[in-house]
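This report goes through one protein model, from single residues in loops to the packing of its helices and its cores. Please keep the sequence and the structure in view while reading.

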Amino acid sequence: MTELTPSDIQTYFAFLKGNGSQVEAELRRHVMVTQLPVGAFVFWEGDTCAQLAIVLSGTVRVYKVGENGREITLYRIEENESCILTASCILSHVEFPAFAVVEKEVRAALIPAPVLHDWMERYEVWREYVFQLMSKRLADVIATVEEIAFRRVDSRIAELLAHRAEQQAQIAITHQEIAYELGSAREVVSRILKDFEREGLIALARGSVTVQNRGALLAKAKSP
């Protein structure tokens, strides 16, 4: 554990500016910084939320596992973001209802739960921060539910591959990882990917997908 640097405060807690020196002083006093490696679990389902983490760098994937073992990604927490489920658990004193795992090495600022409660009671700026966090993430989760309920799986796979291929055509991803991402079954994903390959849109290899016609994938992503 290390302390926040002046650069951290200026970059990631800019919303506190203009709220008095006491707010920043308490930030320095109570908030510590930690680092977590890839694969580390931030939370397991059923954990008690003892602190709110604000990600300074890296990526955390928050996901749910069904009784049949299938996973669905709820959202990702990236630089200068935090977790709606953690905030909700802290405020309502309930257990964490999902899993949160590090995808890209994380550096995060940790706010102890009792401190967050105290700050929200005393400082409007912290109330606004938490409520805005909840509003944004709730919209993300609703969008995920809408996609699962109303969009065809092939359209969602096409969109995922087209998005990942923006920088380079070869994507390091497995059929199972795509299934986890979209909340589908691996067998369904594999069948659709093979259809895409037969159409000349992609080339499949072990642990990777190479996009050969991104424009056609984008067209499939928009199909009803």
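Asn80 is found in the loop between S5 and H3, where helices (H or I, at least four residues) and strands (E, at least two) are DSSP runs numbered from the N terminus. The model is a predicted one, in which local features need pLDDT of at least 70 and side-chain atom pairs count only at pLDDT 80 or more, while totals for chains, interfaces and linings use all residues. Residues are numbered from 1 along each chain as its sequence is written, and side-chain values use heavy atoms, with hydrogens and water left out.

Although Asn80 is not a glycine, its phi is positive, at about 65°. Most residues other than glycine have a negative phi. With a relative accessibility of 38%, Asn80 counts as partly exposed, on a scale where buried means under 20% relative accessible area, exposed means over 50% and partly exposed lies in between (1.4 Å probe, protein chains only). His93, in the loop between H3 and S6, likewise is a residue other than glycine with a positive phi, near 60°; at 65% relative accessibility, His93 counts as exposed.

## Overall composition

The protein chain holds 9 helices and 9 strands, and its C-alpha trace spans about 65 × 35 × 30 Å along the principal axes. Of its 224 residues, 41% are buried. When contacts (heavy atoms within 4.5 Å) between residues at least 6 apart in sequence are considered, 69% of them join residues at least 24 apart.

## The nonpolar cores

A nonpolar core is here a set of buried Ala, Val, Leu, Ile, Met, Phe, Trp, Tyr and Cys residues joined through side-chain atoms within 4.5 Å. The largest such core has 45 residues, of which Leu4, Phe13, Leu27, Val62, Phe96, Ile111 and Trp126 touch the most other members. The elements that give two or more residues to this core include helix H1 (6–12), helix H2 (21–30), strand S4 (51–65), strand S6 (99–112) and helix H5 (124–150). A second, separate core has 21 residues, among them Ile178, Leu201, Val211 and Leu217.

Thr59 has its place in strand S4 and is buried, with a relative accessible area of 6%. Not counting residues up to four places away in sequence, Thr59 touches Arg76, Ile77, Glu78, Val101, Val102, Glu103, Lys104 and Val106. Leu85 lies in helix H3 and is also buried, its relative accessible area being 19%. With the same exclusion of residues up to four places away, Leu85 touches Val62, Leu74, Tyr75, Phe96, Pro97 and Ala98.

Leu85 and Leu138 are 53 residues apart in sequence, and their C-alpha atoms are 9.6 Å apart in space. Glu146 and Ala108 are 38 residues apart along the chain, with their C-alpha atoms separated by 30 Å. Glu146 itself is in helix H5 and counts as partly exposed, at 43% relative accessibility.

## Packing of H2 against H4

How do the axes of H2 and H4 cross? They come within 12 Å and cross at roughly 175°, the axes being lines fitted to C-alpha atoms, for helices over the stretch in contact, with angles that run from 0 to 180 degrees between N-to-C directions. That makes H2 roughly antiparallel to H4, since angles under 35 degrees count as roughly parallel, over 145 as roughly antiparallel, 65 to 115 as roughly perpendicular and the rest as oblique. The contact is made by Gln22, Glu26, Leu27 and His30 of H2 together with Val115, Asp118, Trp119 and Arg122 of H4.

## The buried side of H7

In helix H7 (residues 175–182), the buried residues are Ile178, Ala179, Glu181 and Leu182. They cover an arc of only 160° around the axis, which puts them on the same side of H7; the arc is that of the directions from the helix axis to the C-beta atoms. Among the elements that cover these buried residues are S5, H5, helix H6 (153–164) and helix H8 (186–198). H7 is followed by Gly183, whose phi is positive, near 70°.
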